[in-house]
Amino acid sequence: MVGIVTLDVQNGTRLAAAVLAGMGAPADIAEEVAAHLVEADCVGHGSHGISRLGPYLAHADSGVLVPGARPEILSEGPSTRVSANWGLSHVGARLATDLACEQAKVARIGVAGLVRSTHLGRLGAYMERACRSDCVALAFVGGMGGSKLVAPFGGRAGLLGTNPIAAGFPTQSGAPLIVDFSTASTPIGKVMVAAMADKRLPAKSLVDHEGRPTDDPHALDNGGAMRTFGDHKGFGLAVLIELVGRVLLGSASFSEGGGGPIFGAQGLVVITIAADAFRDLADVLDEAEQLRALIHAVPPAAGFEQVLAPGDPEHVQRRRHGRTFEITGGAWDSIQQAAQQVGVSSELLATAVVG
């Protein structure tokens, strides 16, 4: 197994779309999801990139994921509910975001929820999309707790999912300020990537089966659990996200036995606010840009080149990658296996690799 594999963005996207189509996804959905996954790799979030193709295929084979399903709007009004119908749920999350933004343009605030969803991809992508519509956005994902991945503060057994939260704020330059993180001390995707690469995690973000902190990514498969970041503060935020993303939305009542133990009760709630809800749009965007400049102007501490604003790392990575991106050798092995299983040609696999 090689350490790092460099892929061409265009051909890597074609490869991902072909694998998704081979699973049974319609061409338009396969192309949209493939672009989402490659973009995640290009902005430095390989845990939500094309390394997910293998797990998606496993979910499809087990019946958790229905690749051919399309999202549908269940209800509209002051709050909108969308069902992903257990399909590739990036499309449903994008639809919910768009509908919330449409509401915000009319009523200054919009709310949309997504039920019957599987893996949603990178939440920051939807926040960036909302910002392009001049909306401030918030996203909460609760209910992904059937697998009980994350232990509460002071506990030794898993209780919640990774309960991610994201937010976006548009700016004058068009590069939004983006917050996007899991309340687990490290995202489950990064645990998966570390396990595939047989590497230790950068911090003791898990507990073993006896509740002892560990950096071994395999501990999760051996009776351990993930920890929340920030001790009791991170756990408190995780509970809030569970309340908004699952309890408020009522996502568990829409499971009807689908989604498996991981996704059955999962819910996404997107809240959008028109950026000009209180004052002139130009003033809001300009002041947000000024805040970024103030952040950049703070003298960096020892070991840092510059103080970065939320969203800056993704902007930097996007500019740096251009036409190529990198994944681990373990992720590439998993992708090749998935591609071969669904009948993707070896020629298409070969064209994706650079060098």
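Predicted model: local features only at pLDDT ≥ 70, side-chain atom pairs only at ≥ 80, totals over all residues.
Student: Which residues lie nearest its centre?
Tutor: The second largest pocket has 14 lining residues, and those nearest its centre are H36, A125, Y126, R129 and R132. Two or more lining residues come from each of the elements α2 (27-42), α4 (90-107) and α5 (123-132).

Student: And what volume does the second largest pocket have?
Tutor: Its volume is about 290 Å³. For the largest pocket, the space is about 1,200 Å³.

Student: OK, the largest pocket then. How many residues line it?
Tutor: The lining of the largest pocket consists of 46 residues, and G46, S47, H48, P187 and K190 are the ones nearest the centre. By class, 21 of the lining residues are nonpolar, 17 are polar and eight are charged.

Student: Which element gives the largest share of that lining?
Tutor: Helix α6 does, with five residues. At least two residues each are supplied by α3 (53-62), β7 (177-182), α6 (188-197), α8 (260-263), α10 (312-321) and β12 (324-328).

Student: New topic: T162. Where is its place?
Tutor: T162 is in the loop that runs between β5 (135-142) and β6 (164-169).

Student: Is T162 buried or exposed, and why?
Tutor: T162 counts as buried because its relative accessibility is 5%, and the cut-off for buried is under 20%.

Student: What does T162 touch?
Tutor: Leaving aside residues up to four places away in sequence, T162 touches M144, L149, V150, S182, T183, A184, I188 and M226.

Student: M226 is on that list. What stands opposite M226 in β10?
Tutor: L206 stands opposite M226. Strand β8 (residues 206-207) pairs with β10 over two bridges, in the antiparallel sense.

Student: In what order do the strands of that open sheet come?
Tutor: The open sheet has three strands in the order β9-β8-β10, with antiparallel pairing.

Student: Which are the edge strands?
Tutor: The edge strands are β9 (213-214) and β10 (225-226), each of which pairs on one side only.

Conventions: Residues numbered from 1 in each chain as written. Heavy atoms only, no water. Helix = DSSP H or I, 4+ residues; strand = E, 2+ residues; numbered from the N terminus. Buried < 20%, exposed > 50% of the residue type's maximum accessible area, 1.4 Å probe, protein only. Contact = heavy atoms within 4.5 Å. 1 Å grid on protein atoms, 1.4 Å probe; cavity = no way out; pocket = protein on both sides within 12 Å on 5 of 7 lines; lining within 4 Å. Points joined across faces, edges and corners; volume = space filled by probe spheres on them. Nonpolar A, V, L, I, M, F, W, Y, C, P; charged D, E, K, R; others polar. Pairing = 2+ DSSP bridges.
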